[in-house]
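Hello,

Here is the structure I said I would pass on. My notes follow it.

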Amino acid sequence: MFAECVSALNEAGIPNSTKEVELVFSDVLKLQIPQVYLHFQDALEQEDSERITGIIAERKKRIPLAYLLSKVEFYNVELRINRGVFVPRPETELLVENTISILKDINDLAAGKILELGTGSGAIACALAKDGAAEEIIATDISGEAITNATQNAELNGVEDRISFYQGHWFEPLRDLGIEGEVSIVVSNPPYIRRDDIPGLTPEVKDYDPQIALDGGPDGLKCIREIMSEAPVFLKSGGCLILEIGYDQRHELENLFEGNKHYDDIEFVKDYNGYDRICIFKRV
Ligand SMILES: C[S@@+](CC[C@H](N)C(=O)[O-])C[C@H]1O[C@@H](n2cnc3c(N)ncnc32)[C@H](O)[C@@H]1O
């Protein structure tokens with residue numbers, strides 16, 4: 001049955017089909033992935049086999065696996081994923097990794113606050129909290145569904161005491177907290193896709209990720225500009241704004257940096273494919 005499921009997903013044009021079938025078997029049979037391979041030829045209970053068949057049929061319609069299993073693993077946490085909330089991507093783990101290493105580098109600031117903007121499922125905030133990266137994490141999202149899901153995930157991972165979630169437009173809900181100039185790091189994986197590029201994305205993304213999580217406006221930079229212009233109000237001197245960006249946006253980010261006197265340094269970090277995917281601005 002395992003091999004049939006892999007072929008069915010392959011025929012539907014789904015990449016990494018073996019990995020996905022491993023995750024389905026592991027979830028339904030409640031086995032670790034290595035154990036799946038020890039037992040995958042055993043006769044399955046009818047109930048399990050029906051559940052697997054049902055998930056594969058849904059997946060063939062290109063519904064993301066994270067929604068079908070209602071969960072995903074991310075960095076050091078397991079997250080519940082509700083429909084209507086952006087599914088965290090493996091590449092965003094690089095953003096977490098870099099945020100942790102920058103906090104270590106500027107360890108005189110490490111006791112400070114981190115702001116995460118556009119938290120979605122709470123993936124980044126929960127991973128940072130679980131790592132013990134900062135004393136206090138404050139996260140916002142404009143979507144109420146995202147804030148509900150992120151709050152659940154903080155509880156599931158036992159980090160609810162370390163993160164405060166607020167619903168609203170980027171920094172807007174933080175205005176009454178009196179934390180201007182006190183933040184060590186502002187981190188965000190904002191919407192950065194050019195609006196006209198969205199129809200060309202895979203069905204999993206264009207049909208299931210919330211539009212508001214993808215749409216970076218006509219040039220893809222609308223949210224990045226908004227965040228860049230307000231982050232200096234909240235950042236300490238020497239603090240950093242760390243953004244995930246599109247693989248081809250480096251040059252545009254350099255232009256935005258040239259025009260902004262509040263930052264005195266810009267750096268990029270490449271992903272494993274050699275693309276600049278993380279942009280780090282240092283507050284003057
Ligand atoms: C690309 S998703 C990232 C989600 C999550 N941080 C992650 O990496 O998996 C962008 C998130 O930004 C949120 N968002 C979009 N516009 C926003 C705004 N104006 N203010 C706050 N959040 C916003 C979306 O709801 C979405 O959850």
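Predicted model: local features only at pLDDT ≥ 70, side-chain atom pairs only at ≥ 80, totals over all residues.

With 16 C-beta neighbours inside 10 Å, Arg62 counts as partly exposed. Arg62 sits in the loop between α4 and α5. Its phi is positive, near 75°, in a residue other than glycine, and this residue follows α4.

The helix itself has 15 residues, which at 1.5 Å a residue should span 21 Å; the end C-alpha atoms of α4 are 21 Å apart, so the two agree. Ile52, Ile55, Ile56 and Arg59 are the buried residues of α4. Seen down the axis of α4, these buried residues fall within an arc of 100°, so they line one face of the helix. An α-helix has 3.6 residues a turn, so residues three or four places apart point the same way. On the other side of α4, the exposed residues are Gln46, Glu47, Glu50, Gly54 and Ala57. The buried residues of α4 pack against α1, α2 and α5.

Helix α2 covers residues 17-29. Its 13 residues should span 18 Å at 1.5 Å a residue, and its end C-alpha atoms are 18 Å apart, which agrees. The buried residues of α2 are Glu20, Val21, Glu22, Leu23, Val24, Phe25 and Val28; two of those named, Glu20 and Glu22, are glutamates. Among what covers the buried residues of α2 are α1 (2-11), α3 (33-39), α4 (46-60) and α5 (65-69).

Ser26 also lies in helix α2. Is Ser26 buried or partly exposed? Ser26 has 16 C-beta neighbours inside 10 Å and therefore counts as partly exposed. Leaving aside its neighbours within four places in sequence, Ser26 is in contact with Leu31, Gln32, Ile33 and Val36. Ser26 and Phe40 are 14 residues apart in sequence, and their C-alpha atoms are 10.0 Å apart in space.

Lys30 follows α2 and has its place in the loop between α2 and α3. Lys30 has a positive phi of about 55° although it is not a glycine.

**Two domains**

The domain assignment of the chain gives domain 1 (2-61) and domain 2 (81-283). The centres of domain 1 and domain 2, taken over C-alpha atoms, are separated by 34 Å.

**Helix α8**

Helix α8 runs over residues 144-156. Its 13 residues should span 18 Å at 1.5 Å a residue, and its end C-alpha atoms are 18 Å apart, which agrees. Ala146, Ile147, Asn149, Ala150, Asn153 and Ala154 are buried in α8. Seen down the axis of α8, the buried residues fall within an arc of 165°, so they line one face of the helix. What covers them includes β2 (77-80), α7, β4 and β5 (163-167). Just after α8, Gly158 takes a positive phi of about 65°.

**The ligand**

Which residues are closest to the ligand? They are Pro88, Gly118, Gly120, Asn189 and Ala213, and 23 residues surround the ligand in total. The residues of this shell divide into 13 nonpolar, nine polar and one charged. At least two residues of the shell are supplied by each of α7 (123-131), β4 (136-141) and α10 (211-214). Of these elements, α7 and β4 are also among what covers the buried residues of α8.

**Asp248**

Asp248 has its place in the loop between β7 (235-244) and α12 (250-258). Asp248 is exposed, with 11 other C-beta atoms within 10 Å. Along the chain, Asp248 and Asp276 are 28 residues apart, while their C-alpha atoms are separated by 7.6 Å.

Regards

Notes. Residues numbered from 1 in each chain as written. Near = placed C-beta within 6 Å. Helix = DSSP H or I, 4+ residues; strand = E, 2+ residues; numbered from the N terminus. Nonpolar A, V, L, I, M, F, W, Y, C, P; charged D, E, K, R; others polar. Expected span 1.5 Å × (residues − 1). Buried ≥ 20, exposed ≤ 12 C-beta atoms within 10 Å, placed from the backbone. Arc of directions from axis to C-beta. Contact = placed C-beta atoms within 7 Å. Domains from an automatic or database assignment.
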